[in-house]
Amino acid sequence: MNDHKNVLGEPLEVCSLDPLTGFTRNGDCETGPRDAGSHTVCARITREFLELSLARGNDLVTPQPEYGFPGLKPGDRWCLCAARWQEALEAGAAPRVVLRATHERALEVVSLADLKSHAFDLS
């Protein structure tokens with residue numbers, strides 16, 4: 001049973017199974033001691049974010065099958081490093097987030113208010 005919590009204090013929901021995301025590639029943005037990057041923010045990827053990431057030296061577009069990485073395209077959901085999402089926010093290119101699939105540890109790096117202002121799963 002998954003006992004991880006999201007930023008709303010609820011059980012963590014799946015971010016994406018296609019493409020399969022997460023530090024452990026199980027679809028969740030869960031984290032642990034080996035996840036130095038804190039891949040905890042479930043985001044809906046945008047072209048602007050991919051361009052910013054590439055410009056900053058992180059190519060998220062090119063597939064790397066040897067690492068189980070399919071390459072991303074706009075519209076994909078992906079567990080981003082919390083610091084990378086914060087960096088994109090400061091650059092005006094933060095993608096929308098899925099709060100129910102964003103791990104509570106993301107709050108160690110980003111504010112709930114910022115996440116909520118970019119959420120597309122609040123009713």
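The protein chain holds 3 helices and 3 strands. From the N terminus on, these elements follow the order β-α-β-α-β-α. The radius of gyration is 13 Å, close to the 14 Å that the globule rule gives for 123 residues, so the chain is as compact as a globular protein of that length. This is a predicted model.

Next come the overall dimensions. Of the 123 residues, 42% count as buried. The protein chain exposes about 6500 Å². Carbon and sulfur atoms supply 51% of that area. Contacts also reach along the sequence. Take those between residues at least 6 apart: 64% of them join residues at least 24 apart.

Now turn to the largest pocket. Rolling a probe the size of a water molecule over the atoms shows where empty space is left. About 300 Å³ of space lies in the largest pocket. Its lining is made up of 16 residues. Nearest its centre lie His39, Asn58, Leu60, Phe69 and Trp78.

Is Asp59 buried, exposed or partly exposed? Its relative accessibility is 29%, so Asp59 counts as partly exposed. Leaving aside neighbours within four places in sequence, Asp59 is in contact with Leu54 and Phe69. Phe69 is also among the residues nearest the centre of the largest pocket. Glu104 is 45 residues away from Asp59 along the chain. The C-alpha atoms of Asp59 and Glu104 are separated by 26 Å.

Go back now to the segment before β1 (39–44), where Thr21 has its place. Thr21 has a relative accessible area of 0%, so it is buried. What does Thr21 touch, once neighbours within four places in sequence are left aside? Its contacts are Cys15, Ser16, Asn26, Gly27, Asp28, Arg77, Trp78 and Cys79.

Most residues other than glycine have a negative phi, and most peptide bonds are trans. Pro19 is found in the segment before β1. The peptide bond from Asp18 to Pro19 is cis, with omega near 5 degrees.

Two residues with positive phi follow. Arg25 is found in the segment before β1. Phi of Arg25 is near 55 degrees, a positive value in a residue other than glycine. Arg25 has a relative accessible area of 29%, so it is partly exposed. Ser38 is found in the segment before β1 as well. Phi of Ser38 is near 50 degrees, again positive in a residue other than glycine. Ser38 has 12% relative accessibility, under the 20% cut-off, so Ser38 counts as buried.

Terms used:
Residues numbered from 1 in each chain as written. Predicted model: local features only at pLDDT ≥ 70, side-chain atom pairs only at ≥ 80, totals over all residues. Heavy atoms only, no water. 1 Å grid on protein atoms, 1.4 Å probe; cavity = no way out; pocket = protein on both sides within 12 Å on 5 of 7 lines; lining within 4 Å. Points joined across faces, edges and corners; volume = space filled by probe spheres on them. Helix = DSSP H or I, 4+ residues; strand = E, 2+ residues; numbered from the N terminus. Rg over C-alpha atoms; globule rule 2.2 N^0.38 Å. Buried < 20%, exposed > 50% of the residue type's maximum accessible area, 1.4 Å probe, protein only. Contact = heavy atoms within 4.5 Å. Areas by Shrake-Rupley, 256 points an atom, 1.4 Å probe, with all protein chains shown as cover.
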